[in-house]
Amino acid sequence: MKVPVSWLKEYVEITLTIEELARRLTLAGLEVEELRYVGLPMPASRLEPTGGAHARQETKISGLEWARDKIVVAAVLEVMPHPNADRLVLCRLDDGSQEHVVLTGAPNLFPYKGIGKLEQPLKVPYAREGARIFDGHQPGQVLTTLKRAKIRGVESYSMICSEKELGISEDHEGIIILDDDAPLGMPLADYMGDVVLDIAITPNIARAASILGVAREVAALCGTPLHPPSYDFLAEGAPIEGRAFIQIQNAELNPRFVLGLIEGVQIAPSPYWVQRRLRLAGMRPINNIVDATNYVMLEVGEPLHAFDYDALQKRANGHPPTIITRTAKRNERLITLDNVTRVLDDFTVLVCDTAGPLSIAGVMGGAETEVHAGTRNVLLEGAAWNFINIRRTIAAQNMSSEAAYRFSRGVHPAMAARGVARCLELMRQWSGGKVAQGLVDAYPLPPEDPIVEFHTTDVRRWLGIDLRADEVAEILQRLEFKVEVEGDLLRAKTPDHRLDIGTGVIGMADLMEEIARIYGYERIPETRLADELPPQRVNLRHEVEEHLRDLLVDLGLQEVMTYRLTAPEREARLLPGEVEMDEAEYVRLANPIAIDRRVMRRNLLAALLEVAERNARQETRLALFEIGPVYVPSKGFELPQEPLRLAILMGGGRVLPFWQGATDGHLDFYDLKGVVEALFRSLHIEGIAYQAAEHPTYHPGMCARLLIDARELGWMGVLHPSVQAKWDVPDFPLLAAELDAELLLEVIPPRFNLVPIPAYPPVREDLALILDAQVEAGRVAEVIRQAGGRLLVGVQLFDVYQGEPIESGKKSLAYRLTYQAEDRTLTDEEVAKIRQRIVQRAEQEFGAKLRAV
Amino acid sequence: MLARIAQIEQEALNALENAETEEQLERWRIAHLGRSSPLMKVFESMHALSKDERPSVGRRANEVKSALESAFAARREALQQAALRRSLQRERLDVTLPGRPLAHGRLHPVTRTLRQIIRIFASMGFQVYQSREVETDEFNFQLLNFPPHHPAREMQDSYYVDTGEARGDNPVLLRTHTSPGQIHAMREFAAQNPMHPPPVRIVLPGMCYRYEQVSARYEVQFTQVEGLAIGENVTFGDLKGTIADFARCLFGESVRTRFRASHFPFTEPSAEVDFECFLCRGEGCGVCKYTGWLEIMGCGMVHPVVLSNGGYDPRRYSGFAFGMGPERLAMLVYGIQDIRYFWTNDLRFLEQF
């Protein structure tokens, strides 16, 4: 909502500076996004927009200041041809102190060329030598200073300005011709300097989408009186009665419809001050009749529509027209003003006459009955529409208009008659027509303006401030509520220009907002919660999830967080060969923004590999992890499941590049396994089984399935070469693990016990066994532990060897065994006995032989 | 004989001067203190001396022996010291060479920021509550006082889930904010004691989704942290105090906060909260775009409709809610220009934290 301050001042006195006003409005919920200066002096720091240090500026500021001594109201006395150029003219002009000859190419002066001295001089904005204005010939707003120059042999040092040059609008079609009563020689800034407040209107303050609406807020905030415009009109024509009729078919959708009539209008441009206001408010002037409807919409917030009355009569075969409002038939068509053929839905409301549809109610008119240059008689519509239905209509038709903007946020039906009355009077003043007496007013469904009852204790309990009933009443009265006070009970009746106040406890909260806004959020004291503290609980799941992150970071891994929207084919790259994923396995979006983000991920590993691709150029080593949900559709009406997963991806140099050279090769399966084991150890999870198994993502001989209590905890391994080939990643082996974090959280023991530090020295000895190469080391260690019994406290594999002198097909596993008793130092004989047992069992189980050392 | 001893001593001491290495020193020891050294010969020839001569010669020979021994020890010590000095001078490192790099892990910046926020609120008694990301229109909008076609829905364009079946006016969608968790939490707590529901103090962190064209400022997914406090005596003043405490914990003791009236369907009154710029302290700088303020969060008193939907009677209970974006906070604090950095995981970005 663009609000010229000069217009605002018609309805409320403003005692604050513009910047303070902007601050107050912003704090009260009418956020001033920008202050655009159009002539008035700008705050000092912004005079030089290009240079110097910035000063603090709470509101964004733009625009142009018109120097009072350099830009003034002047009068063009005569328009003469240029001796050397057909497309330029010379103007003899009086700037209030002397005459000048000014050169211009403005097409709107050409009609006056060569007709001699003008009977009625043209009032224009005149910029003297040295004035700073915007360059009319460059796109956007580029500052320029007027300098003396010769143009086609004629000296030029000053200028008659266009709206663009003065920063009023983008219009550079011609120079501004001011109203005749503009005082000659007056600084232009004094005559029409302005500031435009650009205010963001949130849905709850739709009532302020008008100059009057903003003025009402200003009046309430500043405690100054509001002067609304008069809704009286001078009616000198014949009564409207019997000359137009209204039929409303659905009062829920169209609670009110009002018609007024003005006859004998002369279509012409509006006075310049009207055009300027419309432009500053962001609308384009058309003619005095259409401008009047737009002016009143901006002024009081009621969108209006002007019909050519004669065209309507013609459609009614010379009879008085009957306006019918009804919902469209399915697939009914209408060509709107923007020349689009609209195929309508059955909920869309149409304004029709007996011959057919005229316009989409509250949104846009049709072409046939539009006001045009020859229009003499105008039928004026002001109506009220159901805002939800207007929203559905503009969403379905994908259209917008200033009218729809307001109707789709809710306009009180009481405004319809006011808008029509106000507009008829302005049309009369600007077009010379005669207004028919009275209005045709169909008002089948007047809204009930809610009455809200509440106590001052509610103010205390909701806002935390103690106000007396009369103080609360005074605040609400400033916003035009009618308030009755009985002790500490208040009864507030909502004024008939707003629809945002509810009933009962909702109305109570609505009023709390109004009280807080006008009282001032900044005046409400900061207090510390004094209410009872809820029972404090531990969110174990959250804490353990965060603990997992910390552990993996401690293990040297970088956490990543990736997009949770992906595409099945992106995850298909985790499988070798040409694979098509079943889309039904995914949570699919009905309205994806991009085809490659059309489903929710089922997998974290694909996202980690995408991170690896992104970093492939930079990184010689990768060690990444992510913890987050994947999304699994459920059957029927159940919402999808969102189980937590943990994935790790590693690869590249085991050590980071260092100047001593000698790298330690690439990370391999056992580096990953080291990380995984350390994770489980830190969590005190015991009994994880690593089972050699096959999974299409992994190398068939370098892959393990992780089990705990026979439940699958996840997979880990070296990426299958055919899978890795599908990714643009370096060619070192990539190691990946994917764990079911839900199960992981479940199996973490809630507590663990420490073992005492032994009091007696351990006995350590090494033992090397030669056995078949296929035997899994995990099984050997298990057998050794069993055979060793409780005195064998440590079994550490320190060497695995194949090759000379070991017979081919065999391997050597060398263990460091630690024996220890809690209560004594073990003797050599005791240790020898245990060792004997171990060797025997190894021989029985695996045919293992002791390796001669 | 005494003259002979003096000569032996003198010769030995002279020779010791020339011993420069361990071997020379050892040879000297054998030559001058060994069994066949001239001094030992003197001891051996003692028996040939007269009874009168013997004591003085013996005493003198012993004196010389210990003098030579200590001269030997001193010489050896001096040589060792010299050798150590030489080797210390040789053994020199270039201390400006880089150290051996350690591969260490880091948390993602969003995790860091989330934790920072959660930690501050935890100290005020707010506990973490998490809820699902795939939601229904009912929980994401309707129960939060966004009726169908409500204008505020325009600000939160949603991704809808293709469920393969008509769900009428309750489609499945990706939550556009963590607020559905407010309803889940309130209902869960209220169920414990429907006649007298317990007070609520929670923070709700999590991933949210909006149907936006990705740009430097907007992402299709973003994390959010909301807070919710409900009780029989929770006021707008408490909201202001809680947020002011948070601001001070986050940006420092003297930091000011500013509440601007705003609109959210699920709170009333509603406010946007600006924190005084942490960099310029309100003077105006590039971070705050010369306004002195940083827009950090939205908040307000929980709307009566939302309280009722959660099982809390708005005539008896009141509460406040607030919400903020960790990415936005991190962008301000670390001067990050592009929100897409967070999910694309360029390690050149992540490794700076």
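Me: In β42(A), what is the bridge partner of L769(A)?
Reply: L850(A). This is a predicted model, where local features need pLDDT of at least 70, side-chain atom pairs count only at pLDDT 80 or more, and totals for chains, interfaces and linings use all residues. Residues are numbered from 1 along each chain as its sequence is written, while chains are lettered from A and ligands numbered from 1 in the order in which they are written.

Me: How many bridges join β39(A) to β42(A)?
Reply: Two, and the strands run antiparallel. β39(A) covers residues 763-772. Two strands pair if DSSP finds at least two bridges between them. Strands (E, at least two residues) and helices (H or I, at least four) are DSSP runs, numbered from the N terminus.

Me: What is the strand order in that open sheet?
Reply: β40-β41-β39-β42 of chain A, four strands with antiparallel pairing.

Me: Which strands stand at the edges?
Reply: β40 (792-801) and β42 (849-850) of chain A. Each has a single partner strand, so one side of each is left without a neighbour in the sheet.

Me: Which strands does helix α22 of chain A lie across?
Reply: α22 (residues 828-846) lies across β39, β40, β41 and β42 of chain A. It runs at about 15° to β39(A). Axes are lines fitted to C-alpha atoms, for helices over the stretch in contact, and angles run from 0 to 180 degrees between N-to-C directions. Contact between two residues takes C-beta atoms, placed from the backbone, within 7 Å.

Me: And α21 of chain A, what does it lie across?
Reply: β40 and β41 (810-819) of chain A. Helix α21 (residues 777-788) runs at about 150° to β40(A).

Me: Switching to cores. Which residues touch the most other members in the largest nonpolar core?
Reply: L259(A), V378(A), L380(A), M427(A), L608(A), I648(A) and L649(A), in a core of 293 residues. A nonpolar core is a set of buried Ala, Val, Leu, Ile, Met, Phe, Trp, Tyr and Cys residues joined through C-beta atoms within 7 Å. Buried takes 20 or more other C-beta atoms within 10 Å of the residue's own, exposed 12 or fewer, partly exposed in between, with C-beta atoms placed from the backbone.

Me: Which helix gives the largest share?
Reply: α11 (residues 414-431) of chain A, with nine residues.

Me: What is I648(A) in contact with?
Reply: L557(A), F625(A), L672(A), V675(A), A736(A) and A737(A), leaving aside neighbours within four places in sequence.

Me: What about a second core?
Reply: A separate one has 11 residues, including L771(A), L792(A), L817(A) and A848(A).

Me: On to L445(A). Where does it lie?
Reply: In the loop between β25 (440-442) and β26 (451-455) of chain A. L445(A) has 16 C-beta neighbours inside 10 Å, so it counts as partly exposed. Leaving aside neighbours within four places in sequence, L445(A) is in contact with A251(A), E252(A) and P255(A).

Me: How far is L445(A) from A814(A)?
Reply: 95 Å in space, C-alpha to C-alpha, and 369 residues in sequence.

Me: Which side chains of β26(A) are buried?
Reply: V452(A) and F454(A), which point to one face.

Me: What does E453(A) stand opposite in β28(A)?
Reply: R491(A). β26(A) and β28(A) (residues 489-493) pair in the antiparallel sense over five bridges.

Me: Hairpins next. How many residues join β35(A) to β36(A)?
Reply: Five. The two strands, residues 688-692 and 698-708, run antiparallel with five bridges. A692(A) has A704(A) as its bridge partner in β36(A).

Me: Which residue takes a positive phi in the β36(A) and β37(A) hairpin?
Reply: D709(A), near 50°, with two residues between the strands. β36(A) and β37(A) (residues 711-719) pair in the antiparallel sense over seven bridges.

Me: Now chain B. How many of its residues are in contact with chain A?
Reply: 77, against 84 residues of chain A. Helix α8 (residues 236-251) of chain B gives the largest share of the chain B side, seven residues.

Me: Which strands do bridges join across the two chains?
Reply: β31 (residues 588-589) of chain A and β3 (residues 161-162) of chain B are joined by two bridges and run antiparallel. R588(A) has D162(B) as its bridge partner.

Me: Last one. At what angle do α2 and α4 of chain B pack?
Reply: About 175°, with axes 11 Å apart. They are therefore roughly antiparallel. Over 145 degrees counts as roughly antiparallel, under 35 as roughly parallel, 65 to 115 as roughly perpendicular and the rest as oblique.
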